[in-house]
Amino acid sequence: MEVSVSSSKDMDDEYKKLIKRMNPPRVVIDNESCKNATVIQVDSLNKQGMLLEVVQILTDLNLTVTKAYICSDGGWFMNVFNVTDADGNKVTDEETLRYIEKSLGPDSYFSSSMRRSVGVTSSVDRTFIELIGTDRPGLLSEVSAVLTSLNCNVVNAEVWTHNTRAAAIIQVTDVESRGAITDPDKLAMVKKLLCNVLKGSNRSREAKTGVSHGTTHTDRRLHQMMFNDRDYEQMSNEYSDEKEKPKVSVVNWQDRDYSVVTIRCKDRPKLLFDVVCTLTDMQYVVFHGNVDSEGPEAYQEYCIRHVDGSPVKSDAERQRTVQCLEAAIQRRISQGLKLELCANDKVGLLSHLTRIFRENSLTVTRAEVSTQSGKAVNTFYVRESSGLPVDPKTIDSIRQMIGQTILKVKGCPEGPPQESPTRFLFGGLFKSRSFCNFGNSRAYP
C-alpha cells in the first residue's frame, strides 16, 4: 500500500514538472512603452504564494511598484508591474535587469523560491536569533548587553515595534571562532538569558526566543512573528490625525464569489510587499488586483478567496482581516528622527549605542543594523520616550559622545508629537475604478 501511494505521488510530481516544462514562465521587461517607469510582465503557471514570490524579489532589489495589474484566475499567473529604482527613475542597470529575468524566468522555475530572493540570508557562519515580547524602555540595551557578555558579536539585526510588542531578528557570530555558535551549552545559555530579559516583570504576554542556522527572509519572518503574536489585537491609536490612518475595507462580491479588499493609505516603500505577505500568511489567494501608488496616496484593491475557495464568511473574519492588514501597514512606518551611523565594527558596539540612547531617554521606533566590509552601518528612528519631538540638544550631546562624523541626522520627526507612553523601542535603543459595482456586493453589518 505504501509503495502504491509513493508511486502515485512520484507520478504526480513528474506530471507537474512536465506541465511546467511545456509552459515555462515568461518575463518581458519594457523600458519604452511607459514614460516614467519600467514595465515588467510576468506570465506563468500559477501556484500558491506566486504573487508574494514575485513582489518579494522586486522589493528586495529596492524597486518601487508604482502600478500593478494582477490576474491569476484559471490557473495562470499574469501580472504587470510598473517599477522605478530608489531614485524614482526607470530601471536601466543591466545587472539588475538580468537578475530579474533570471529570478522570474524559466531558469529559476525549478529552484527553491526562497533562495531566489536577494533579501534572503542563507549562512552557516552565523547564528540567527528571533525575539518577540512586550516592549519596554531599555529592552534592546539589555538584550545587546547579554549578547556582549556571552562573547557574541551582532553582525546584522532588524527591530520592529508595534502595539506595545517588539520583534527582532539578530544575526550573531561567536567572538572567538568568528563563525556560528556551535556549542549547544552556549546556545542554551543564550536562549535562557534572552528569554529572561524578554519576560522581565510582565507575565501577562508570552515572550519567545528562538535560535537557528540556515535560511531566512528577515522582513517576511518579522511579519510572521508579529502576526503569530497577534499584535493586531487591541490596536493602539498611533495616529493623532485620523486622515493618516490606513483605510481598509472588506466586502463580498456576490456575483463572483470573491471578497474585495480595498486599501487607501499614505504610500511608502515596501507597502505592496507588506500587504501581499499578510494576505498570503492568512491563507488568502489573490485572483485579481489593482495597485496605484503614483501619488502620495496608495490605492490597492484585491479580489481574494481563502485557499479552500471560499470568500470571507463572517463579520468576525472580516474584522480580523481588516485588523491584520492595518497592523501590516503600521509595523514598518518610521516615525521620528532618522539617525544613520557608520563606524568601524567592534564587539559590543550595539550595546554601547543602545546604552547611550537609553541614558538620554530616547526611544527607537525601528532599527536596522548591518555590517559591511568591517563597517557597522546602522539606521535608527528615534523619539523622546515621552512622545515629544527629539530635543536638538539631546542629539548634539549624543553626537559629541559618539562622534560628529560617525552619527548623522537624516530626517525630522514625522507628524505631531505622540503622547503615548506605550510606544517604546525595543527598549530604549533602540485611484482607479473598482473591480465591481458594489450594488451587488454585501458588507457585513
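Aspartate 292 is buried, at a relative accessible area of 13% (buried means under 20%, exposed over 50%, partly exposed in between, with a 1.4 Å probe and protein chains only). This is a predicted model, where local features need pLDDT of at least 70 and side-chain atom pairs count only at pLDDT 80 or more, while totals for chains, interfaces and linings use all residues. Residues are numbered from 1 along each chain as its sequence is written, and side-chain values use heavy atoms, with hydrogens and water left out.

Aspartate 292 sits in strand β11, residues 284–292 (strands are DSSP runs of E, at least two residues, and helices are runs of H or I, at least four, numbered from the N terminus). Its side chain makes a polar contact of 3.2 Å with the side chain of lysine 67 (a pair of N or O atoms within 3.5 Å; within protein, one must be able to donate a hydrogen and the other to accept it, and residues adjacent in sequence count only if both atoms are side-chain atoms). A polar atom of the aspartate 292 side chain also lies 3.3 Å from the backbone nitrogen of glutamate 294.

## Where α6 meets α8

Now for a helix pair. The axes of α6 (residues 218–228) and α8 (residues 315–331) come within 11 Å and cross at roughly 135 degrees (axes are lines fitted to C-alpha atoms over the stretch in contact, with angles from 0 to 180 degrees between N-to-C directions). On the α6 side, the contact uses His223, Met226 and Phe227; α8 brings Arg320, Cys324, Ala328 and Arg331 (contact means heavy atoms within 4.5 Å).
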